[in-house]
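Please view the sequence and the model together while reading.

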Amino acid sequence: MIEFKKAVKKYGTTKVLDEIDLNIKPGEFVSVIGPSGAGKSTLVYALIGAEKLSSGVISVDGFRINRMNQKEMQYYRRRIGVVFQDYRLLPQKTVFENIAFALEVCGYREEDIRKLVLDALHTVGLNASFGKRFPHQISGGEKQRCAIARALVHGPGLIIADEPTGNLDPDTGLEIIKLLEKINQDGITVILTTHNKDLVNFLKKRVIKIDDGKIVSDKGEGRYE
Ligand SMILES: Nc1ncnc2c1ncn2[C@@H]1O[C@H](COP(=O)(O)OP(=O)(O)O)[C@@H](O)[C@H]1O
Ligand SMILES: [Mg+2]
């Protein structure tokens with residue numbers, strides 16, 4: 001269970017998140033929509049513990065993000081997977097190595113890493129042979145699939161994708177959204193931010209609209225014109 005209680009983030013005197021109250025249940029697929037500058041990424045950064053709230057609380061499964069000690073934060077980060085618009089793949093590493101990297105840092109055994117990476121590639125619909133390529137040798141959609149495989153490889157309960165289709169053409173973007181939908185059907189909670197109304201209308205899932213740091217609507221199967 002994810003809970004925001006009067007979450008406020010200020011930069012200077014500007015409230016970028018303005019008393020956000022929000023509950024997300026395990027297994028939900030939640031889209032956060034809103035114009036550029038609305039506060040979507042700030043909400044994501046606060047949720048992953050990369051930006052500290054100015055006031056209020058975000059808690060995940062009873063743990064308060066701002067109160068976690070280093071060990072709890074490390075554990076929390078392993079329970080979530082994060083995907084960004086710009087993929088954030090390491091250019092000097094192959095697709096396989098990019099996906100394997102976090103597991104290596106955690107000290108997994110080589111044969112376990114190999115199996116987990118191949119499983120993750122399979123889940124995102126990339127042939128095992130993609131493992132040998134470098135990021136500059138694959139398309140944008142394939143890069144985002146690789147980034148999603150990296151987010152999934154350690155078996156998280158929550159995937160947070162911040163504008164994952166922002167750099168992709170509409171058809172490729174839709175493929176990525178369908179992949180997130182499939183991942184959600186496997187029981188993983190998904191939080192997606194986007195400013196693309198067509199994608200959330202396709203999904204027919206819960207849509208939270210934010211504007212100027214505030215939640216302006218929260219609908220079960222929202223359609224946005
Ligand atoms: N580090 C920062 N310092 C100052 N202002 C910031 C910072 N990060 C974001 N902002 C401002 O906060 C607002 C919301 O940004 P952001 O969360 O990135 O919006 P979105 O992801 O919805 O486009 C914007 O007005 C942006 O300029
Ligand atoms: Mg953003």
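Helix 6 (residues 170–185) lies across strand 3 (29–33), strand 7 and strand 8 (189–194), and runs at about 155° to strand 8. Contact here means that the C-beta atoms of two residues, placed from the backbone, lie within 7 Å. Axes are lines fitted to C-alpha atoms, for helices over the stretch in contact, and angles run from 0 to 180 degrees between N-to-C directions. Helices (H or I, at least four residues) and strands (E, at least two) are DSSP runs, numbered from the N terminus.

This is a predicted model, in which local features need pLDDT of at least 70 and side-chain atom pairs count only at pLDDT 80 or more, while totals for chains, interfaces and linings use all residues. Residues are numbered from 1 along each chain as its sequence is written, and chains are lettered from A and ligands numbered from 1 in the order in which they are written.

- Six strands form an open sheet with mixed pairing, in the order 6-7-8-3-9-10; two strands pair if DSSP finds at least two bridges between them.
- Strand 6 (80–84) and strand 10 (214–219) are at the edges with a single partner strand each, so one side of each has no neighbour in the sheet.
- Direction ignored, neighbouring strands of this sheet are turned by 15° against each other on average.
- Strand 6 and strand 7 (residues 158–162) run parallel and are joined by five bridges; Ile80 stands opposite Leu158 in strand 7.
- Strand 9 (residues 206–211) pairs with strand 10 in the antiparallel sense over five bridges, and Ile210 stands opposite Ile215 in strand 10.
- A hairpin is formed by strand 9 and strand 10, with two residues between them, and Asp212 in the turn has a positive phi of about 55°.

**Helix packing**

- Two packed helices are described by the angle between their axes and the distance between the axes.
- The axes of helix 5 (residues 140–152) and helix 6 come within 10 Å and cross at roughly 20°.
- That angle makes helix 5 roughly parallel to helix 6; angles under 35 degrees count as roughly parallel, over 145 as roughly antiparallel, 65 to 115 as roughly perpendicular and the rest as oblique.
- Helix 5 and helix 6 have a right-handed crossing; a crossing is left-handed if the near helix is turned anticlockwise from the far one by less than a right angle, and right-handed if clockwise.
- On the helix 5 side, Gly140, Gly141, Gln144, Arg145, Ile148 and Leu152 meet Thr172, Glu175, Ile176, Leu179 and Ile183 of helix 6.
- The residues of this contact of helix 5 with helix 6 comprise five nonpolar, four polar and two charged; Ala, Val, Leu, Ile, Met, Phe, Trp, Tyr, Cys and Pro count as nonpolar, Asp, Glu, Lys and Arg as charged, and the others, Gly among them, as polar.
- Helix 3 (residues 95–105) packs with helix 5 at an angle of about 25°, and their axes are 8 Å apart.
- Helix 3 and helix 5 are therefore roughly parallel to each other, and their crossing is right-handed.
- Val95, Asn98, Ile99 and Ala102 of helix 3 make this contact with Cys146, Ala149 and Arg150 of helix 5.
- Five nonpolar, one polar and one charged residues make up the contact of helix 3 with helix 5.

- Four strands with antiparallel pairing form an open sheet in the order 2-1-4-5.
- Strand 2 and strand 5 (63–64) are its edges, each with a single partner strand, so one side of each is left without a neighbour in the sheet.
- Strand 1 (residues 2–11) and strand 2 (residues 14–24) pair in the antiparallel sense over seven bridges; they form a hairpin with two residues between them, and Gly12 in the turn has a positive phi of about 65°.
- Five bridges link strand 1 with strand 4 (residues 55–60), and these two strands run antiparallel.
- Glu3 stands opposite Asn23 in strand 2, and its bridge partner in strand 4 is Ser59.
- Ser59 in turn stands opposite Arg64 in strand 5.
- Helix 1 lies across strand 1, strand 2 and strand 4, at about 65° to strand 2.

**The surroundings of ligand 1**

- Ligand 1 is surrounded by Tyr11, Val16, Gly34, Ser36, Gly37, Ala38, Gly39, Lys40, Ser41 and Thr42; a residue is near a molecule or strand if its C-beta atom, placed from the backbone, lies within 6 Å of it.
- Helix 1 (residues 40–47) gives the most to this shell, with three residues.
- By class, the shell has three nonpolar, six polar and one charged residues.
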